[in-house]
Amino acid sequence: MLDDSTRKKLLGRLRRIEGQIAGIHRMVEQDTYCVDVLVQMAAAQGALAKAGHLLLGHHVEHCVSDAMRHGDEDARRIKIDELMDVLGRYGGLGR
């Protein structure tokens, strides 16, 4: 579960990303130069990556660490497997 501070930060970032995506959509509709659209796409991808990093950090600090401290062996294994899966998706660290 997200705390209020993290939720507010994440929602703020997602609103900005929505605005970026809407801007890209308009650029494509207006037949904007390809390189300019690609630059904006890269910026949106970077913003989405930062939002993911924020959420991943929260997950490790709270969900994973809680399972390591208080969970049984099965709960710890599940959290480790989830974490490895998500790191593989975000960082190319496939299993």
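This report walks through the helices, salt bridges and a few individual residues of a predicted model.

Some ground rules before the tour. Residues are numbered from 1 along each chain as its sequence is written, and side-chain values use heavy atoms, leaving out hydrogens and water. Because this is a predicted model, local features need pLDDT of at least 70 and side-chain atom pairs count only at pLDDT 80 or more, while totals for chains, interfaces and linings use all residues.

Helices here are DSSP runs of H or I with at least four residues, numbered from the N terminus. H1 covers residues 4-29, H2 takes in residues 34-70, and H3 runs over residues 73-91. How well does the span of H3 agree with what its 19 residues should give? At 1.5 Å a residue, H3 should span 27 Å, and its end C-alpha atoms sit 26 Å apart, which agrees. (The expected span is 1.5 Å times one less than the number of residues.) At the start of H3, a side-chain oxygen of Asp72 comes to within 3.2 Å of the backbone nitrogen of Asp74.

The loop between H1 and H2 holds Asp31. Its phi is near 55°, a positive value in a residue other than glycine. For background, most residues other than glycine have a negative phi. Asp31 counts as exposed, with a relative accessible area of 69%. The cut-offs behind that word: buried is under 20% relative accessible area, exposed is over 50%, and partly exposed is in between (1.4 Å probe, protein chains only).

**Salt bridges**

There are four salt bridges in the structure, each one a side-chain nitrogen of Lys or Arg within 4 Å of a carboxyl oxygen of Asp or Glu. In general, side chains of opposite charge can pair when their charged atoms come close. Among the salt bridges are these:

| Pair | N to O distance | Helix and spacing |
|---|---|---|
| Arg7 and Asp4 | 3.4 Å | H1, three residues apart |
| Asp81 and Arg77 | 3.1 Å | H3, four residues apart |
| Glu82 and Lys79 | 3.5 Å | H3, three residues apart |

Why can Arg7 and Asp4 be described as about one helical turn apart? They are three residues apart in helix H1, so about one turn separates them. An α-helix has 3.6 residues a turn, so residues three or four places apart point the same way. Asp81 and Arg77 are also separated by about one helical turn, and about one turn lies between Glu82 and Lys79 too.

As for accessibility, Asp4 is exposed at 53%, whereas Arg7 is partly exposed at 34%.

Skipping neighbours within four places in sequence, Thr6 is in contact (heavy atoms within 4.5 Å) with Leu54 and His58.

His58 belongs to helix H2 and is buried as well, at 7% relative accessible area.

Gln40 and Gln20 are 20 residues apart in sequence, yet their C-alpha atoms are 7.5 Å apart in space.

Leu87 sits in helix H3 and is partly exposed, with a relative accessible area of 28%. Its C-alpha atom is 8.9 Å from that of Leu56, a residue 31 places away along the chain.

Terms used
Helices (H or I, at least four residues) and strands (E, at least two) are DSSP runs, numbered from the N terminus. A polar contact is a pair of N or O atoms within 3.5 Å; within protein, one must be able to donate a hydrogen and the other to accept it, and residues adjacent in sequence count only if both atoms are side-chain atoms.
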